[in-house]
Amino acid sequence: VDYRQKAAAAGRIPTNYLRRELGTTDKEILTSRVIDRSIRPLFPVGYFYDTQILCNLLAVDGVNDPDILAINGASAALALSDIPWNGPIGAVRVGLIDGETVINPTRKQMSSSILNLVVAGAPQNQVVMLEATAENILQQDFCHAIKVGVKHTQHIIQGIQQLVKEQGVVKRTVQKLFVAPEEIVECAKKLAFNKIYTVFTDTSHDKISRDEAINKIRLETEEQLKEKFPEAEPYEIMESFNVVSKDIFRNLILNEYRRCDGRDLTSLRDIKCEVNMFKMLHGSALFQRGQTQVLCTVTFDSIESSVKSDLISTAVSGVKDKNFMLHYEFPPYATNEIGKVTGVNRRELGHGALAERALKPIIPQDFPFTIRVTSEVLESNGSSSMASACGGSLALMDAGVPVSSAVAGVAVGLVTKYSPEKGDLEDYRLLTDILGIEDYYGDMDFKMAGTNKGITALQVDLKLPGIPIKVVMEAIQQGTAAKREILQIMNQTLAKPRPNRKENGPVVETIHVPLSKRLRFIGPGAYNLKKLQAQTGVTLSQLDEETYSVFAPTPSAMHEAREFIREICKDDQEVNLEFGAVYTATITEIRDSGVMIKLYPNMTPVLLHNSQLDQRKIKHPSALGLEVGQEIQVKYFGRDPTDGRMRLSRKILQSPATTVLKTLTDKNSIVMGGSVPQSSTSSQ
């Protein structure tokens, strides 16, 4: 699935050099993933023909978000095509505003909503996909929102079904579904059942040894199957072994309530937490759950470093600047593999966005820094995104960010006995804190994060064409119990944010620069600010007319910056000049346009223009016989309100003080119904 926002849809032209849509934005990729996750579960088993869905945004009104329309549009397009697909689905967004659930709220309404829930539903009130961000809302409110959302998806489904009926759509007959033949599956079962069962029931295995043992059995079994079925396709042999191993794994859970690592269905793996791993970092934490290990670091930078949204994203989907971000990295060695390390892929972007949404509600709104959390997966065996949320929460508290509460996340899995004929579940088991293999062989990946009080993020992916709401409610309940247990373990390591940030962390101060000194403070062409940044690494940003925010990466850099600022602003700090007073000034330089003068020794020279030197009009100060070092009398008339420059004049002292008495002329008055009177006289 590829979702693309078009600048023309919002009545804009792209602002890049070529004035064209170039690479995909994060918002486009995340929306593509949501559409993909909503429609993928409904394709027939064994359907592997290349299928592409393109969602191009044609027009946007700036009131409603287009992502929900894109899901429903993809559903309608697939339903109306001859592609075999067991849809349609319907999707709605659910908001919670002032305690009321709102279906498909506008962008303005969403700004005051404490819930952003996307529900994709299938016929008969089945849930296909959930994606949610919440401001720490209560479990019962969340469950109610899901029920309301699923109910409203049915109206959309019925509309698409009616459209399909009117069009008389006939689905094509697929040439071949890539499923394992029954006879080869039966043969593989006889050959490998006991060996596979032994591996899956041996709880001493870890991820790597279990995979190696299964692969060894796979190679042996496939060789034997090739001998017995020489005409079989390679994928039929491979798929037959997969079917057998999957059935054994799932039946152990369904019938014997046994998991391959020896845990019961609701138990967590062993959890270990460490904080302040590296003294130089602003904040760090290591979170380990079983064989999933994540290192999270926190970095503070100036508010100027926040993620800036481009004009098009803001116009199309309301994306705004953000000063908190979480970046997730999943290197190949995390799963004991080699691979090409490239830019961020769609999976990494999606996992990072989920962990970021989980942590965002606890970040204080008025925090003076931009926060970047990096989550590096060192080892992975299931749910590294939820481990990133746990590790990120600990790292933020270690860095001294005054978070409102700790956040933990957990993944819940599902193994079902599904009846394709009836289209419903005969039996099912929910699994807490799933392993990678339980995700692979299971039917659901249900990730939930939140605080002790409520839920902050949720993401549900299914492999089934829908599950009942009842199962989702049970998963939320089971996930909530696990989340609380994880928070208790995390609190033993670090229960609340550190009262102070690290000593080597960045510093922010505000300075007041009067208008009169602004020109000197900034320097010509912002020379002083550029010099300050080059020498000390300090950055300044203007908050209002006279206030600047100073960001220093370290306290020592701030000390250097203070010295630098004090040096450029040292003159006339103590001297207060009186408006209208006459002062003795010393000429320091003769220029074509006037003379540079000082009123007191440590003052920066200011220009006294030719027009203010004498009553007569002169073109050069030498006409008056002025020389460097000469003292002259000048009158002070305050400072220019626009640039803060001193207003001085010598000319005004050249003529005797006179009082001019002048009355307004009557001809400037408005006279109604009479003759224009004579003007009055002026006298001196």
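Helix α15 spans residues 555–568 and comprises 14 residues; helices (H or I, at least four residues) and strands (E, at least two) are DSSP runs, numbered from the N terminus. From its first C-alpha to its last, α15 reaches 20 Å, close to the 20 Å expected at 1.5 Å a residue, the expected span being 1.5 Å times one less than the number of residues. Ala557, Met558, Ala561, Phe564, Ile565 and Ile568 of α15 are buried, where buried means under 20% relative accessible area, exposed over 50%, and partly exposed in between (1.4 Å probe, protein chains only). These residues cover an arc of only 120 degrees around the axis, which puts them on the same side of α15; the arc is that of the directions from the helix axis to the C-beta atoms. An α-helix has 3.6 residues a turn, so residues three or four places apart point the same way.

The model is predicted: local features need pLDDT of at least 70 and side-chain atom pairs count only at pLDDT 80 or more, whereas totals for chains, interfaces and linings use all residues. Residues are numbered from 1 along each chain as its sequence is written, and side-chain values use heavy atoms, with hydrogens and water left out.

In helix α14 (residues 527–536), the buried residues are Asn528, Leu532 and Thr536. They cover an arc of only 40 degrees around the axis, which puts them on the same side of α14. The exposed residues Lys530 and Ala534 are carried on the face turned away from that buried side. Gly537, with a positive phi near 80 degrees, follows α14.

Helix α2 (residues 67–80) also has 14 residues and reaches 20 Å from first to last C-alpha. In α2, 10 of the 14 residues are buried, so this helix is largely enclosed by the rest of the structure. Among the buried residues are Asp67, Asn72 and Ser75. In the loop between α2 and β3 (90–97) lies Pro88, which is joined to Gly87 by a cis peptide bond with omega of about 0 degrees.

Most residues other than glycine have a negative phi, and most peptide bonds are trans. Asn136, in strand β6 (residues 126–137), has a positive phi near 60 degrees and is buried, with a relative accessible area of 16%. Asn276, in the loop between β7 (271–275) and β8 (283–289), has a positive phi of about 55 degrees.

The structure holds 33 salt bridges, each defined as a side-chain nitrogen of Lys or Arg within 4 Å of a carboxyl oxygen of Asp or Glu. Asp433 and Arg269 form one of them (2.9 Å, N to O). This pair links distant parts of the chain, 164 residues apart, and both residues are buried. Asp433 and Arg269 also belong to a network of salt bridges that includes Arg259, Asp261, Arg263, Arg289 and Glu438. A further salt bridge joins Lys322 and Glu356 (2.8 Å, N to O); Lys322 lies in the loop between α8 (311–317) and β10 (324–329), and Glu356 in helix α9 (residues 346–359), 34 residues apart. Lys322 is partly exposed at 29% relative accessibility, whereas Glu356 is buried at 12%. Glu589 and Arg591 likewise meet in a salt bridge (3.2 Å, N to O), with Glu589 partly exposed at 34% relative accessibility and Arg591 partly exposed at 36%.
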